Amino acid sequence: MIAVTGLTKRFGEMIAVDSLDFTVNKGEIFGIVGPDGSGKSTLLRMISSILIPDRGSIAINGVDVQENPFLIKEKLAYMPQRFGLYEDLTVEENIFFFGRLFLLSRRDIRKRLDTLYGFSRLGPFNDRLAGKLSGGMKQKLGLVCSLVHTPEVLLLDEPTNGVDPVSRREFWDILYELLGQGVTIVVTTAYLDEAERSNRVALMYRGRFIRLGKPKSIRNEMKQKMLQVVVNRPKIAEAALKKHEGGKIIRTGNSIRIFTDTVQKTRRHIKQILSNNRVGIISIEEVPPRLEDSFIEIITREEAC
Amino acid sequence: MKGFIRIPVLISMIKKEFAQVLRDNRMRGILFGPPIIMIIVFGYAVNMDVNSTDLAVIDEDKSSMSRGLIEKFTGSGYFTLYSYLHSEKELASQMDNGNVETFIHIKRGLSKNIKSGRTSEIQVIIDGTDSNRGAVISAYVNEIMQSYFIDKYLNRVKTVILLRSSGVAAGTPGVASGFVMSKGVRVVDRAYFNPTLLSKNYFLPGIIGFIVSLITIMLTAMSIVKERESGTMEQIIVSPIQPIEFILGKTIPFAMIGFIDMFVVTIITILWFDVSFKGNMLFLFFAAFFYILCTLAVGIYISTISRTQQQAMMSFFLFFIPAILFSGFAFPIYAMPETIQIITYVNPLMYFIIIIRGVFLKGVGFMVLWKELLVLVIIGITLLYLSARRLSRRME
């Protein structure tokens, strides 16, 4: 459905997307997980033809995005992190306006309204100004507006960012429903748990996919537990721990985070190493690993091999 | 697919634009408020005419002739006698305070000298702080002197007029224009096109150009930048709308509003302020169409260089103020240095104001104004093409 080859985009010195190759199959949810600034949005913006890539190509159904932007645009929907709604138009006016941009007749749009209101439950609010909706409802309206023209490909950029858990679950239910209708969905997120609902997941870090596969296998590969130690002499502590624990150590300021499978054992171990090196421990506790930490862990593990 | 404009898309753009403008309190305020307020403020407040000026007199002659002269002044309707003074020293303080603008010094022996056939002198000092006003008062003085001394003593009175700025010691000539009336010849002025020489006849038509520019540039720039600010621009870009459809959808509504505003303001100028309209209304609006092309182009251009509505506002003034200064709206172009005059040649507002004034006051039309119209057409189409291209490049 979507074929990306050698895709590269630079912003000055920084490489946002670094020679990416991947394909997305028809009718799947393709999740892209990565910390902020990893290039997820840039990638989606290139697929949706807002940004022009420096190198590489994107084809949707065999049609090149850059050569035939208008052909692609009719089949595609892109929903940015903050969907651009006309806040001074009502819910219904927004839907009609975006539908009209795709040359749908008023009658077609009206027919489609039932379905759209059905899954979004925005029906009762059809006369409300978009600016007066809550965050979750705005996000749903954004989705509805991008779905008026029944696209074949749906690109979602962190659609559930800043949305409450209930709305988030509802939002994913909608995505599954669309999937049932054969829509291909590419979704980016900063939450690993969300990515697990996709058919396939790519881990994106510094413009590259460091992993691509089924959510389960990626989950298994990641270490689940982590200890955070705050110390008074972080540099000495880092050097000493590195000797014993290898590359699973990440230091920021005077806190050191270490991946582990066996929390109790490692905790004792660390305490001993640090006291041998005469480093004072301010606190030591178990914390859930941050996505970025897991990524660094995977990369350092790869480099060690 | 690409190339031709799809009317349904265009119509829904225009409808949406009107809905947004009419719903946004700030935008709705801009539509008709400022134009009407501006025309009314200018109509009443910007008045360069001198209707009344305070006069002080030193009358050393104290004859029936000198009293008659002073009565002639006060009876003219332009001068109000503020006080009689006794010395020039008093005058200095009165003028510095701004109590008195015009001062007449009639020397001892005026009537005696004239009656016995000798030349006599009358000194007039005018506050020249406001040079325009000073010149107007000076003209009034000359006229009154002329008509008072006409027939009998024509060649015997010498009026010395001194224009003086406050702060300069009394009696120091700023600009001195003295004259001796020559025998038998009398110059009678008559101004064509604006016979009463009222400044509103000159300014109000100019204001029409001013208002049309303000409204169309501002609305176009703001509404495009607003799309970018609120993120809707991205949705427009990913939709299959073509740049040309978007640009037309963004300009047609504001051109229409510009026309309506121009019509309202023109009607107020004619009916409320009694400015005579001698020309053809159709020709005026025909020319306005091409002028509005220029302003829409400027609005689009501003939208391509501004990211926020505040930036758009700042850039707007960057364009608007020079456009007004170099348009001949208030400051005559012939008085500018030649290098600066060149700037005015590329200023569409200059041509438009010439056309408005020509149609309003002279009643001329295409036969006389075709050159200005042609330049407007060329500038309008060129600017619109360039800025539309600039905007559509940013969209693709």
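Begin by selecting A:I95, A:F96 and A:G99 in helix α3 of chain A, which meet A:I109, A:L113 and A:L116 in helix α4 of chain A; two residues are in contact if their C-beta atoms, placed from the backbone, lie within 7 Å. The residues of this contact divide into five nonpolar, one polar and no charged, where Ala, Val, Leu, Ile, Met, Phe, Trp, Tyr, Cys and Pro count as nonpolar, Asp, Glu, Lys and Arg as charged, and the others, Gly among them, as polar. What you have open is a predicted model, in which local features need pLDDT of at least 70 and side-chain atom pairs count only at pLDDT 80 or more, while totals for chains, interfaces and linings use all residues. For selections, residues are numbered from 1 along each chain as its sequence is written, and chains are lettered from A and ligands numbered from 1 in the order in which they are written.

The crossing of α3(A) and α4(A) is right-handed, that is, the near helix is turned clockwise from the far one by less than a right angle.

Between these two helices, select A:L103, which lies in the loop between α3 and α4 of chain A. Its phi is near 65°, a positive value in a residue other than glycine. A:L103 counts as partly exposed, with 16 C-beta neighbours inside 10 Å; a residue is buried if 20 or more other C-beta atoms lie within 10 Å of its own, exposed if 12 or fewer, and partly exposed in between, with C-beta atoms placed from the backbone.

Next, colour the open sheet of chain A, where four strands stand in the order β2-β1-β4-β5 with antiparallel pairing; two strands pair if DSSP finds at least two bridges between them. Its edge strands are β2 (14-24) and β5 (63-64) of chain A, each of which pairs on one side only. Strand β1 (residues 2-11) of chain A is joined to β2(A) by seven bridges, the two running antiparallel, and A:R10 stands opposite A:I15 in β2(A). Another residue of strand β2 of chain A is A:S19, whose phi is near 30°, again a positive value in a residue other than glycine. A:S19 is partly exposed, with 13 other C-beta atoms within 10 Å.

Move on to A:D293 in helix α11 (residues 291-304) of chain A. A:D293 counts as buried, with 22 C-beta neighbours inside 10 Å. Leaving aside neighbours within four places in sequence, A:D293 is in contact with A:M226, A:I250 and A:R257.

Now show chain A as a whole, whose secondary structure comes to eleven helices and 14 strands; helices (H or I, at least four residues) and strands (E, at least two) are DSSP runs, numbered from the N terminus. The C-alpha trace of chain A spans about 80 × 40 × 35 Å along its principal axes, and 40% of its 305 residues count as buried. Of the contacts in chain A with a separation of 6 or more, 71% are between residues 24 or more positions apart.

Bring in chain B and select the contact between the chains, which takes 22 residues from chain B and 24 residues from chain A. On the side of chain B that touches chain A, α1 (7-23) and α8 (232-238) of chain B each supply at least two residues, and α1(B) gives the most, with seven residues. By class, this side of chain B has nine nonpolar, seven polar and six charged residues.

The last stop is B:G328, in the loop between α11 (309-325) and α12 (338-345) of chain B. B:G328 is buried, with 21 other C-beta atoms within 10 Å. Not counting residues up to four places away in sequence, B:G328 touches B:I333, B:M350 and B:I353.
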